[in-house]
Amino acid sequence: MAAYAQFAKMNGLGNEIIVADMRGRADRITADAAIALDREPATKFDQIMAIHSARTEGTQAYIEIINSDGSEAQACGNGMRCVVQALSSETGKREFTFETIAGILTAHEHPDGQISVDMGKPRFDWQDIPLAEPFHDTRRIELQIGPIDAPVLHSPSVANMGNPHAIFWVDQDVWTYDLERFGPLLENHPIFPERANISIAHVTSRNAITLRTWERGAGLTKACGSAACAAGVSAARTGRTERIVTVTVPGGPLLIEWLDNDHVIMTGPAEWEFSGSLDPATGAWHRDEVKSSQGAA
């Protein structure tokens, strides 16, 4: 059983997360293991947050983020909140600094259990998103789906919040759009060489947005933290909202603050479901016999 790693099944506003403790190990969770875990109803997930031993001085851990198709993601705000809750339960600490493939980020747990994650600075240059061709103004790019003279979705704002994002602005309920149909086509559009997260956003006030997201490598999701951040900064950048907004995703609300120092702070909850052990090579797993109230594993 030594080959097995402890994990916690968690969620952030319904965004299904597996937090796996890989500290002190040389191996990684394989793509095959991720795909196998996603096939199981109990462990089906949007992202795996694999906690590895720290690689950089001043950080508590290196976090590897794995999508349900086995690919690697650069950012997952909802998953980071789950990591914070798990490690806070384990250590009693409330302040954390993590390293990811996208860079260093900080996070802290509030006394009421809400968790804030500094998602870093948004990037708007076309080559940083990245796009396959130059666009001088990424607040609105030429991309549409549907008939040329009556497109269903068109002219998205694009941004990088650790992951590439395209935000399509609509004037009606986001649930009236068949995102399950359009999402895969737009995610894999040639304009996005690294694929992209595709969101439909409806601004309901100067401080509120409703959002649905097709997540790159995961599909339809109840919540995508980096998409909420991308929508928040893009709405402010295009003059639709103020710099502090509540973004309501299918799983519930997230508070997004675009600070004067250009950093984006996302605040929301995390929820523990159950704990177990998994084989990082194959995805074989079992649930803990004794129920724990919280914790990574």
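Among contacts in the chain between residues at least 6 apart in sequence, 61% join residues at least 24 apart, a contact being heavy atoms within 4.5 Å. The model is predicted, so that local features need pLDDT of at least 70 and side-chain atom pairs count only at pLDDT 80 or more, whereas totals for chains, interfaces and linings use all residues. Residues are numbered from 1 along each chain as its sequence is written, and side-chain values use heavy atoms, with hydrogens and water left out.

The chain contains 4 helices and 20 strands, assigned as DSSP runs numbered from the N terminus (helices H or I, at least four residues; strands E, at least two). The radius of gyration is 19 Å, which agrees with the value near 19 Å for a compact globule of 297 residues; this radius is taken over C-alpha atoms, and the globule rule is 2.2 Å times the number of residues to the power 0.38. Along the principal axes, the C-alpha atoms fill a box of roughly 60 × 35 × 30 Å. Of the 297 residues, 55% count as buried (buried, under 20% relative accessible area; exposed, over 50%; partly exposed, in between; 1.4 Å probe, protein chains only).

In soluble globular proteins, nonpolar side chains tend to be buried together. A nonpolar core is here a set of buried Ala, Val, Leu, Ile, Met, Phe, Trp, Tyr and Cys residues joined through side-chain atoms within 4.5 Å. The largest such core has 68 residues, and Val 19, Ile 29, Ile 48, Met 49, Ile 63, Phe 98 and Ile 256 touch the most other members. Helix H4 (residues 225–237) provides the largest share of this core, 8 residues. Another core, of 22 residues, lies apart from it and includes Leu 153, Ala 166, Val 174 and Ile 200.

Ile 63 is located in strand S4 (residues 61–67) and is buried, at 1% relative accessibility. Not counting residues up to four places away in sequence, Ile 63 touches Met 49, Ala 50, Ile 51, Met 80, Val 83, Phe 98, Glu 99 and Thr 100. For Ile 29, with neighbours within four places in sequence left aside, the contacts include Ala 20, Ile 48, Ile 66 and Leu 278. Lys 9, in strand S1 (residues 5–12), is also buried, with a relative accessibility of 2%. Beyond four places in sequence, the contacts of Lys 9 include Glu 16, Thr 43, Trp 272 and Glu 273.

Thr 56 lies in the loop between strand S3 (47–52) and S4 and is partly exposed, at 32% relative accessibility.

Most residues other than glycine have a negative phi, and most peptide bonds are trans. Leu 13, which is not a glycine, has a positive phi of about 55°; this residue is in the loop between S1 and strand S2 (15–21) and is buried at 12% relative accessibility. Arg 195 likewise has a positive phi, of about 65°. The loop that holds Arg 195 runs between helix H3 (179–187) and strand S13 (197–205), and Arg 195 is partly exposed, at 23%. The peptide bond from Ile 129 to Pro 130 is cis, with omega near -10°, and Pro 130 is found in the loop between strand S8 (115–118) and strand S9 (144–145).
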